[in-house]
Amino acid sequence: MSDTEQDRVELPSPLADALARTERWLVMTGSGVSAESGVPTFRDAQTGLWAQYDPQQLATPEAFESDPETVWQWYQWRRELIRETSPNPAHLALAELQRLKQDFVLVTQNVDGLHQRAGSTNVVEFHGSIQRNKCFLCHQPGPESDAPHPPDCAHCGGLMRPDVVWFGEAIPGAALQAAGHAVEGCDVFFSVGTSSLVYPAAALAETALARKATVVEINPNSTPLSSHADFSLRGPAGVWLPVIADLVRGG
Ligand code: BV8
Ligand code: ZN
């Protein structure tokens with residue numbers, strides 16, 4: 001991201017005032033925040049081998065039950081791709097904002113672990129993490145593995161799967177509770193890099209709007225949230241979030 005891009009954007013002054021004045025922030029991110037790291041977004045056309053699969057079909061327990069090899073290999077391909085990426089200025093700005101604000105909660109729909117690699121802590125992993133494995137049957141955690149086939153569970157002999165939340169699966173209770181608590185108390189709610197299509201994650205913005213928190217969307221494209229948000233900042237997260245971090249730092 002070149003400086004000129006950052007120089008070209010300017011926060012609306014009412015938003016700049018609100019961001020400087022408030023201390024209780026909730027930021028919800030989607031795969032768009034990792035786009036500038038080179039991680040394809042969830043609904044982007046999948047490249048190469050996976051072009052013929054629909055991620056929404058692959059990220060389901062049914063897909064794993066009927067074809068564990070293909071689903072496992074899809075995640076191995078994504079793990080390899082994520083290993084070769086690094087956090088981008090959007091991730092780094094969020095890690096800094098967590099240090100600058102008194103009550104800052106980061107909820108992510110992403111499973112790539114890039115927020116943690118950028119220095120964010122206590123990240124609420126709403127959809128789990130691709131970095132961990134668990135047993136499909138007994139849910140016991142299992143070791144990382146670069147095996148081309150899903151390893152067997154040491155406890156019950158079931159198959160290992162990535163510790164992510166698939167479509168039709170419940171959000172982990174602790175994550176749901178942490179996000180629910182944070183959205184009830186936030187002054188500012190950011191929706192960054194998400195198409196706002198997946199529930200119940202997308203419901204967090206609706207709760208923030210109902211509570212009259214200041215709702216800010218950062219996305220190069222419009223989404224179902226755009227017309228309802230108080231501020232819709234068109235453009236990449238890697239441009240807007242460093243501008244916001246500069247403002248809060250007093251730069
Ligand atoms: C559940 C992990 C019930 C796996 C994922 C109402 C209520 C509850 C559920 C539902 C409901 N209606 C429908 C449902 C079912 C379903 C759902 O929401 N379906 C949708 C598609 C209609 N929800 C579920 O199944 C959820 N579970 O509800 O269970 C239940 C309850 C109790 C007991 C049992 C069951 C579970 C959903 C979780 C699915 N797992 N991921 C994996 O990753 O493999 S979801 C997947 O979508 C990813 O996590 C991703 O993060 C998430 C959201 O997608 P986005 O992140 O928004 O990505 P997308 O590509 O769509 O958009 C990218 C955006 O970035 C774009 O807008 C683009 O413009 C922008 N962008 C691009 N570049 C940039 C950028 N932005 C900023 N900067 C840039 N540079
Ligand atoms: Zn098991």
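Leaving aside neighbours within four places in sequence, which residues is W25 in contact with? In this predicted model, the contacts of W25 are L19, L97, K101, D103, F104, V105, C186, V188, F190, I244 and V248.

**Nonpolar cores**

W25 also belongs to the largest nonpolar core, a set of 28 residues. Together with L11, F190, I218, L241 and I244, W25 is among the residues with the most contacts inside this core. Two or more core residues come from each of the helices α2 (13–21), α6 (89–100) and α10 (237–249), and from each of the strands β1 (24–29), β2 (103–108), β7 (188–192), β8 (214–219) and β9 (231–234). Helix α10 gives the largest share, seven residues. Another core lies apart from this one and has 22 residues, including V107, V165, F189 and A205.

**Zinc site**

The zinc ion (ligand 2) is coordinated through the SG atoms of C135, C138, C153 and C156, at 2.2 to 2.3 Å. The angles among the four donor atoms are 100 to 118°, and the site is tetrahedral. Along the chain, the donors follow the spacing C-x2-C-x14-C-x2-C. C135 and C156 are 21 residues apart and link distant parts of the chain. The table sets out these two donors.

| Donor | Location | Relative accessible area |

How values were computed:
Residues numbered from 1 in each chain as written. Chains lettered and ligands numbered in written order. Predicted model: local features only at pLDDT ≥ 70, side-chain atom pairs only at ≥ 80, totals over all residues. Heavy atoms only, no water. Core = buried A, V, L, I, M, F, W, Y, C linked by side-chain atoms within 4.5 Å. Buried < 20%, exposed > 50% of the residue type's maximum accessible area, 1.4 Å probe, protein only. Helix = DSSP H or I, 4+ residues; strand = E, 2+ residues; numbered from the N terminus. Contact = heavy atoms within 4.5 Å. Donors = N, O, S within 2.8 Å, 3.2 Å for Na, K, Ca; no water. Tetrahedral: all angles 85-135°; square planar, octahedral: opposite > 155°, others 65-115°.
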